[in-house]
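User: Hi! Could you walk me through some of the strand pairing and a buried side chain here?

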Amino acid sequence: MASSSPFVRSRKHAAPPIAPRTATSVAAIALAALGAPAQAQTAAATLPEVKVQATPDAGYQPEQPSSPKFTAPLVDTPQTITVIRKEVLQDQGSTTLTDALRNSPGITFQMGENGNTATGDAVYMRGYDTSGSIFVDGVRDVGTITRDVFNLEQVEVIKGPAGADIGRGSPTGYINLSSKAPQADNFGAASLSFGTASQKRATADINRKFSDTGAVRLNLMGQDSGVPGRDHVTNDRWGIAPSVSFGLGTPTRLTFSYLHVQQNNRPDGGLPTIGLDGYYLSQLESIGGNGPRVDTGNYYGWLSDHDKVKADMLTARIEHDFSSDVKLSNVTRWGRSRQDLVVTGVFSSSLITPDLSNPAGWLVRLLPQGKLQTNKVLTNHTNVTAKLDTGGLKHAISAGLELAREEQDTDARSSQIDATNGTLVGTAYQAFNSLYTPDPSRPLVPVVATGASTHGKLTTAALYAFDNIEFNKQWSLNGGVRFEHYKTDYLSVAAPATPPVADTALSASGNLLTGKLGVVYKPAENGSIYAAVATSSKPPGSDFALSATAANVNNPNLDPQKATTFEIGTKWELLDRKLLVTAAAFRTNNKNELATADPVTGEVAQFGKTRVQGVELTATGQITPAWAVIGGIAYTNAKILEGSATSTGAAVRYSPKVAATLWTTYKLPMGLTFGGGVRYVDTQARSTSNVEITSTSFFPKVPAYTVFDAMVGYEINRNVSLQLNVYNLTDKFYMARVNNAGNRFVLGAPRSFLVTANFKF
């Protein structure tokens, strides 16, 4: 994979790091570009392009993040970053971004609000929603869809406020997906997988040179699968990703790429939490407040429930090297995703119990829901990087301009019944089904368009600059700043009614100034010790929605939420620099959150504060050429410092105190590879109340769990290998996601198997 950063040494060999040299300002960059002698520029033009590429024996050894904004090698970057290579994903049999993120401790996944089911990559990082801070090649990728990994070179998890990197976003970091790109070589790979629950999947990755400086690459994916342990839930999708590059190995390079993915899934509205330890319903108080647990295969939706996604992404990248020290890149991206969703949520917060002594007759409440949502993005990113020595200091500067227009259009849908059934048209209908023997083919309650819709548009213009200043071989300063102007326009069209309801048109605009600064000390060439501070901001309407309600986080009159993180840590490249180990202690303070100021009147004010602090340890790379490892452990203490009378002092939800992950493989000389892993997630707070748990809590906490996985592979010859993955070896029952009310959950996958044949050509 070609890196867009010129400050990265190739990891093919364990050579000492090359000290970065760069300009001190954008003006210096321009002077260097325009004023360099023609002979020097001509000579520099013959230099080969600096690349970060995977090599056959690279294994899990972490590469540099693909963004040119990281102006120092990974070991000298004062921030917690986990790079998950495609080799890890292949060994684990991972297919989605959710699968990949299980390799980074401190990441959890949410099911949604009480009345809505979250779909796609609903990611929480260190206790905060990070779903809106997912990027593809440095460009924000919005939409509640499931992202496949078939076209990814690596997944980059950057933790801590990153406003200088990305602009508006989560207080605790972001995720970047680095796409595969053409390389100046001929190679091909393909895989066929079959597994539990009729899982079937095929992928192909073909790269071909058509000239000394040109190449094309094609990635393909098709999947038709059920979900282990779940009746009627399906994941069916296909994708194609062609790309072409011109000028590889020359000063000027052009790459054009296209990604198209379609999904036709039957989504999972969840299982009721009744019967689980900790569940309590006052309605069942006379029999102990609980009932029998449901069969985990039960499907409570209709067979017509669907999650249809069509996503397209067209990208043009132009790169030019003015010299070996000054480089320019420009990326233009157009993207669109369309989601047609109908999903039935199940609720165990109220039941119909005609006979408490006979659970077979109990009915559970359902809420069919849906939406038709389209997201669009049009953006242009220009970046310039340079290396120069000034005044005895070595600088590595990256600066640029980012222009973006993002749009989201949503047509509301609701379950309705006809007036002939005794209910007025236009009223939401809450259906019921048997709690213990649900029938997915029962008469349909249609989910139809209500006539209501919302339309949000967010335009941004941002300037940024980063510099890594090397004072000597031991000391350096790494920092950056970003100024961003944003404008959000929002229109809410009401459903037809008598009398008519007026539409709501709102707008908000403002400026965001964010930055980061880190001091790095290198006691040895292969290690660093650092201290850093960084900020981020999230203005109202960041997720395309504004509200006229004063007590709403998206009211345009509110100030942006602001986060500041302090981090100290150390990083070391060990074992011939093939294993990166890190340790960091961090504290993030987030302020300007909404909280109830008066418990009597319910008045809400913007004074809320939360704090997330802890320690994270990671290790990624090769212990030996045959022994690979990726893993980490995080201890996190997340609290509400200032909130309502009932929330101050409570834990931030979905933030386990301890989370750990480990995956390792060992390759024997006779072609056998053995691998295995363990994931531990501590208890997670579901409620944000500091009041003692009462009978109305339903399900107050998400229990801790430990899951073991294993893999064995056999290389038949240099072109063909077989692989068996076993997930959840002990068949552990656990809750992968829980909704905010605690009355429904998504089942963690039970013991299941996946057999894969891998081919190289």
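User: Which residue in strand 17 is the bridge partner of Arg338?
Analyst: This is a predicted model, where local features need pLDDT of at least 70, side-chain atom pairs count only at pLDDT 80 or more, and totals for chains, interfaces and linings use all residues. Residues are numbered from 1 along each chain as its sequence is written, and side-chain values use heavy atoms, with hydrogens and water left out. Strands are DSSP runs of E, at least two residues long, numbered from the N terminus, and two of them pair if DSSP finds at least two bridges between them. Strand 17 covers residues 363–390 and runs antiparallel to strand 16 over 24 bridges; there, the partner of Arg338 is Thr374.

User: What is the bridge partner of Ala311 in strand 16?
Analyst: Happy to look at the other neighbour! Strand 15 (residues 306–321) and strand 16 are antiparallel and joined by 16 bridges, with a hairpin of four residues linking them. In strand 16, Ala311 is bridged to Ser337.

User: Why is strand 16 described as largely enclosed by the rest of the structure?
Analyst: Burial is the thing to check, and buried means under 20% relative accessible area (1.4 Å probe, protein chains only). Strand 16 spans residues 326–352, and it is largely enclosed because the buried residues number 20 of the 27.

User: Is Asn758 buried or exposed?
Analyst: Asn758 sits in strand 36, residues 752–760. Its relative accessibility is 11%, so Asn758 counts as buried.

User: Which side chain makes a polar contact with the side chain of Asn758?
Analyst: Leaving aside residues up to four places away in sequence, Asn758 touches Gln90, Ala190, Ser191, Asn719, Val720, Ser721 and Gln723; contact here means heavy atoms within 4.5 Å. A polar contact is a pair of N or O atoms within 3.5 Å; within protein, one must be able to donate a hydrogen and the other to accept it, and residues adjacent in sequence count only if both atoms are side-chain atoms. At 3.5 Å, the side chain in polar contact with Asn758 is that of Gln723.

User: What is the strand order of the open sheet of five strands?
Analyst: Good one to finish on! Strand 5 (residues 134–136) pairs antiparallel with strand 6 over two bridges, and Val136 has Val139 as its partner in strand 6. Pairing in the sheet as a whole is mixed, and the order is 1-7-8-5-6.

Key: Buried means under 20% relative accessible area, exposed over 50%, partly exposed in between (1.4 Å probe, protein chains only).
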